[in-house]
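Subject: Structure for you to look at

Hello,

I am passing a structure on to you. Please open it first, then read the notes below.

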Amino acid sequence: MSRRARLRAVASYDGQVPVIGQARGFVGAFLDRAAVRGVQVAPVPRGDALLVASELVTNAVRHAPGPCTLALALHGDLLEIAVSDTSRLPPQPQPYEPRRIGQHGLEIVVALCTGVAVEPTERGKTVRARILVL
């Protein structure tokens, strides 16, 4: 994003399953800090942001070996949630199948966000999702 962020935060995780809950807590604490700075996020967008972050971190834990990083940046009314991992393979959306159990994470992220992009990095990839929080 070209605009300067009002607030930023980054957390690194070892890539193990318990980090998914830690990531949700990290996003919640970030949004609490935003509230102290006068950015009030309503309950529904807050829940959506927590869900998007946990889905992206879950994908990193399930599909990429090693550590992952969660970066948050608040740009006006948009929260950018970026998860970097060690896999070079982009996430693959699954075809619509209402009877399928699981593998709906990317569908959820795309449905809740104003934009989702995958960028290759030197060590893997970063998935960036932007969500309206105001």
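Let me start with P91. Leaving aside neighbours within four places in sequence, P91 is in contact with L106, V118, K125 and V127. Take V118 as one of these partners. P91 and V118 are 27 residues apart along the chain, yet their C-alpha atoms are separated by 8.2 Å. Where does P91 lie? The residue sits in the loop between β3 (78-85) and α3. P91 counts as partly exposed, because its relative accessibility is 24%.

Please keep in mind that this is a predicted model.

Next comes α3. This helix covers residues 105-112. Which of its residues are buried? They are G105, L106 and V109. These residues cover an arc of only 95° around the axis, so they lie on the same side of α3. What do they pack against? Their partners are α2, β4 (115-120) and β5 (125-132).

Now the pair of helices. α2 runs over residues 43-63. The axes of α2 and α3 come within 9 Å. They cross at roughly 145°, and the crossing is left-handed. From α2, the contact uses D48, L51, V52, E55 and L56. From α3, it uses G105, I108, V109 and L112. By type, the contact residues divide into 6 nonpolar, 1 polar and 2 charged. Two names return here: G105 and V109 are among the buried residues of α3, and both belong to the contact with α2.

Last, the cysteines. How many disulfides are there? The count comes to 0. C68 is in no disulfide, and its nearest cysteine sulfur, that of C113, is 17 Å away. A disulfide needs the two sulfur atoms within 2.5 Å. Are these cysteines buried or exposed? C68 counts as buried, because its relative accessibility is 3%. C113 counts as buried too, at 11% relative accessibility.

When you go through the model, you could follow the order used here: the loop, the helices, then the cysteines.

Best wishes

Key:
Residues numbered from 1 in each chain as written. Predicted model: local features only at pLDDT ≥ 70, side-chain atom pairs only at ≥ 80, totals over all residues. Heavy atoms only, no water. Buried < 20%, exposed > 50% of the residue type's maximum accessible area, 1.4 Å probe, protein only. Axes fitted to C-alpha atoms, helices over the stretch in contact; angles between N-to-C directions. Helix = DSSP H or I, 4+ residues; strand = E, 2+ residues; numbered from the N terminus. Left-handed = near helix turned anticlockwise from the far one by under 90°. Contact = heavy atoms within 4.5 Å. Nonpolar A, V, L, I, M, F, W, Y, C, P; charged D, E, K, R; others polar. Arc of directions from axis to C-beta.
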